[in-house]
Amino acid sequence: FKNENIGKKISTKKALHRLFKDMHKFHPEIELDIDSLKYGRLITENLKAAIYFENDSILRLNNLDVNYKETTVFIEGNINAHSSKEDLSSGNPFDLDFFVNVKGKSEDLNDYLKTTNFIFQSGNFEFFGIYNAQSEDLNIMNAKTFGDLKLSNTRIDYKAANLQIPVDSLH
């Protein structure tokens, strides 16, 4: 019974790869060009992206560009559906790999971070991030993230202490 259950489990996991393979035959490409998008209280503008199959295993998100006030977000990534027995038997039907680069005015961070004690008043920021994970049955496993935030020529108001903190460069 144990070998039968493993076979069924692998067969179920191959379903995602079969779906990718079947869809790839049509070579679909989706281009998004959205004037504005509201998420909670954040309203982004000029959202653009391209989504396509790189091959029968990889769904690619290319050049997702989003503008929010004076900040620009750029995201790229892919979803890789596995087909080998080795990958599938280890409980990993697909991988997620994404890269994000955000540049803009430090003031825009207040809306995203919902800051109340520390208020960014001026200057610029840049954020670079990488997200890698594996997923099974819509559950994220083995997530690995890396992020790097740079602030330059920024003034931060610390309301509780009535302080203004100048930041020439913080990395």
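How many bridges join strand S3 to strand S4?

## The sheet

In this predicted model, strand S3 (residues 58-68) and strand S4 (residues 71-81) run antiparallel and are joined by 9 bridges. Within this pairing, Leu61 has Gly77 of S4 as its bridge partner.

The two strands belong to an open sheet of 8 strands, arranged in the order S1-S2-S3-S4-S5-S6-S7-S8 with antiparallel pairing. At its edges lie strand S1 (29-39) and strand S8 (163-170), each of which pairs on one side only, and from one strand to the next the twist averages 20°.

## Aromatic pairs

The count of aromatic pairs comes to 4. One of the pairs is formed by Phe118 and Tyr158, whose rings are stacked, with 4.7 Å from centre to centre and 15° between the planes. Because Phe118 lies in strand S6 (residues 118-136) and Tyr158 in strand S7 (residues 139-158), this pair ties together parts that are 40 residues apart in sequence. Phe118 counts as partly exposed, at 39% relative accessibility, and Tyr158 is also partly exposed, with a relative accessible area of 26%.

Elsewhere, ring pairs link Phe74, Phe99, Phe128 and Phe146 into a cluster.

Asn110 is found in helix H3, which covers residues 108-113. Its relative accessibility is 14%, so Asn110 counts as buried, the cut-off for that class being under 20%. Leaving aside residues up to four places away in sequence, Asn110 touches Thr115, Phe118, Ile119 and Phe120; one of these, Phe118, is the residue that stacks with Tyr158.

Key
Residues are numbered from 1 along each chain as its sequence is written. This is a predicted model: local features need pLDDT of at least 70, side-chain atom pairs count only at pLDDT 80 or more; totals for chains, interfaces and linings use all residues. Side-chain values use heavy atoms; hydrogens and water are left out. Two strands pair if DSSP finds at least two bridges between them. Helices (H or I, at least four residues) and strands (E, at least two) are DSSP runs, numbered from the N terminus. Axes are lines fitted to C-alpha atoms, for helices over the stretch in contact, and angles run from 0 to 180 degrees between N-to-C directions. Buried means under 20% relative accessible area, exposed over 50%, partly exposed in between (1.4 Å probe, protein chains only). Contact means heavy atoms within 4.5 Å. Rings of Phe, Tyr and Trp (its six-membered ring) pair if their centres lie within 6.5 Å; planes under 30 degrees apart count as stacked, over 60 as edge-to-face and the rest as tilted.
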